[in-house]
Amino acid sequence: MSFTAPLTTPGLALDPHWHRRAVFYEVMVRSFMDSNGDGIGDLAGLISKLDYLQWLGVDALWLPPFFESPLRDGGYDVADYTAVLPEFGTIEQFRELVTKAHERNMRIVIDLVINHTSDQHPWFQASREDPQGPYGDYYVWSDTDEKYQDVRIIFVDTEESNWAFDPVRRQFYWHRFFSHQPDLNFENPKVHDEIFDVVRFWADLGVDGFRLDAIPYLYESDGGTGESEPPTHAFIAKLRAMIDEEYPGRILIAEANQWPHEVVEFFGTDEQPECHMAFDFPVMPRIFYALRSQQATELERQLSEEVHAPEGSAWGVFLRNHDELTLEMVSEEYRQAMYGWYAYDPRMRANVGIRRRLAPLLDNARSELELAHALLFSLPGSPFLYYGDEIGMGDNIWLPDRDSSRTPMQWTPDRNAGFSTADPGKLYLPVVQSLVYHYNQINVESQLAQSRSLLHWVRNVIHVRKAHPTFGLGTMRVLRTDNESVLAFVREYAGTGTHLGDSAERILCVFSFAHNPVSVTITAEGLEGAGLHDLFGGAPFPPVGDDGRLTLTLGSQSFFWLGADAAR
């Protein structure tokens, strides 16, 4: 299809539920493809790889910040919300990226970092130099660092306080993240207007959605926790109302590292909707816990307690992304076990989490990589992939901070892994050359040539998922099993008839975390007498008994996706 719609519309056929069925792919512009040989990935390079992403089955690209920035926090320290970092390209190239993606039926979601800016942002420079001027109240200033004592410090490994002293203004400024990232003052209505103008700027360029970074922290109050306070929700609702009115079809995604019963508040209410999507953080570490403990109990409990997303909304589920594998949502005992399994070298840790890619976390075990992906793609919500994980890319724990898992994408076995024609010493980060994950072995070109490669396997799973609307739109019921290593649930969708293939469907998903073959009996209420067939090959399976019981044998760390037919 060609892109003919004006940029003030979504750019694709308007489907208000597109985000519920989409497969998202997080792509770091700096890390993906270098088009001009300067050693840094750029927008033109990303455009050149859109055909690959379309082939893979990606529906939407999530781009972390590519704005003007001093890059002290990977671009999350924004110095200009409406300017592209020159080394990445130009606004015209970003417009071309949106157009080319839409031509391939893919959408573009960008990060919107509105809790804070860089201390190099002109707003902050003006605020510190002229307290009485138009920008004097754009940030949270105080004569004392004693306010908001009940608000926790997020980066406990680098920051001792949420306040920092500014020698120019001779006052303290508030920062929930690094001290070079002062928080904006949302008590000031002019800040609201500025943020709305930023959203309109990118939406007018055709952007299909915004990931609201660190969204719980917009407001703080005396005696409050500084997280998810009522005025924060009021602001998001106001932003959603503007989006719905001026840019229908665009979405807001909440990044809130909290329990689902707290995060669900970011969906809003029927009367005051807020975000269309929210990330589901607690499920992710429990997947990794199950893989090593061989116990599905904790994951089963978390999934059983999951809060359903409101009508028209969706959870965002993921295995890895650009952040560390956070362990904030687990007990200390749980955390120490995870460190022992996955971060035995202190260099693998960051903040309260683990800074490793998916394949190294799982020791490059193909069965575990398949099991983890199969679980991800069958959970309620939309899956988010991290660039390179589809080929099992490795990381480099000798690099600082989160750069360990932000190394250049490995395209070919040639120089610089095909990422850049630059002198290898000019690359912004070195390509991975470790023994197991060397770019000579792990790259797109070689895996395209192998029909049984991880890349082809991931693509196949994506396309099977896309063929069954139930995975995106259906409900989930966790089922009882007689084996604590096995997780079973049924996905059900009544169907709407409005989309091709949107008829009623039930899918039984079974996962074994055991390191040896097991037999399991599942109590499948509601599936009594149903016939079963494999979704991948269509092979028939023994039907569910009339008493609702089903016995299956699974290989070590394996799974089944079984379509349930009508009862015999």
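Predicted model: local features only at pLDDT ≥ 70, side-chain atom pairs only at ≥ 80, totals over all residues.

Me: How do I read a sheet?
Reply: Strands of a sheet pair through backbone hydrogen bonds, either parallel or antiparallel. Strands (E, at least two residues) and helices (H or I, at least four) are DSSP runs, numbered from the N terminus. Two strands pair if DSSP finds at least two bridges between them.

Me: Which order do the strands of the open three-stranded sheet have?
Reply: The order is 6-8-7, with antiparallel pairing. Strand 6 (141-142) and strand 7 (163-166) are at the edges with a single partner strand each, so one side of each has no neighbour in the sheet. Strand 7 pairs with strand 8 (residues 171-174) over four bridges, in the antiparallel sense. There, Trp163 stands opposite Trp174 of strand 8.

Me: Which strands pair in the parallel sense with strand 5?
Reply: Strand 2 does, over four bridges. Strand 9 (residues 209-212) does too, over four bridges. Ala60 has Arg107 of strand 5 as its bridge partner. Ile110 has Phe210 of strand 9.

Me: Is strand 5 buried or exposed?
Reply: Buried means under 20% relative accessible area, exposed over 50%, and partly exposed in between (1.4 Å probe, protein chains only). Six of the six residues of strand 5 (residues 107-112) are buried, so the strand is largely enclosed by the rest of the structure. Arg107, Val109 and Asp111 are buried on one side, and Ile108, Ile110 and Leu112 on the other.

Me: How do I read a helix?
Reply: An α-helix has 3.6 residues a turn, so residues three or four places apart point the same way. The expected span is 1.5 Å times one less than the number of residues. Take helix 14 (residues 366-378). Its 13 residues reach 18 Å from first C-alpha to last, close to the 18 Å expected. Helix 14 is mostly covered, with 11 of its 13 residues buried. Among them are Glu368, His373 and Phe377.

Me: Which residues of helix 16 are buried?
Reply: They include Leu454, Trp457, Val461 and Arg465. Helix 16 also has 13 residues and reaches 18 Å, close to the 18 Å expected.

Me: Where does His468 lie, and which residues does His468 touch?
Reply: His468 is in the loop between helix 16 (454-466) and helix 17 (470-473). At 15% relative accessibility, His468 counts as buried. Contact means heavy atoms within 4.5 Å. Leaving out residues up to four places away in sequence, His468 touches Glu505, Ile507 and Leu535. A polar contact of 2.5 Å joins the side chains of His468 and Glu505. Such a contact is a pair of N or O atoms within 3.5 Å; within protein, one must be able to donate a hydrogen and the other to accept it, and residues adjacent in sequence count only if both atoms are side-chain atoms.

Me: How do I read a ring pair?
Reply: A pair of aromatic rings is described by the distance of the centres and the angle of the planes. Rings of Phe, Tyr and Trp (its six-membered ring) pair if their centres lie within 6.5 Å; planes under 30 degrees apart are stacked, over 60 edge-to-face, and the rest tilted.

Me: How many aromatic pairs are found in the whole structure?
Reply: The search finds 50. Trp62 and Phe384 have ring centres 5.9 Å apart and planes at 80°, so the pair is edge-to-face. Trp62 is in strand 2 (residues 60-63) and Phe384 in strand 16 (residues 382-386), 322 residues apart. Both Trp62 and Phe384 are buried. Phe511 and Phe559 have centres 6.3 Å apart and planes at 20°, so this pair is stacked.

Me: And backbone angles?
Reply: Most residues other than glycine have a negative phi. Asp401 has a positive phi of about 50° although it is not a glycine. Asp401 is partly exposed, at 46% relative accessible area. Gln557 has a positive phi too, near 45°. Gln557 is buried, at 10%.

Definitions and conventions:
Residues numbered from 1 in each chain as written. Heavy atoms only, no water.
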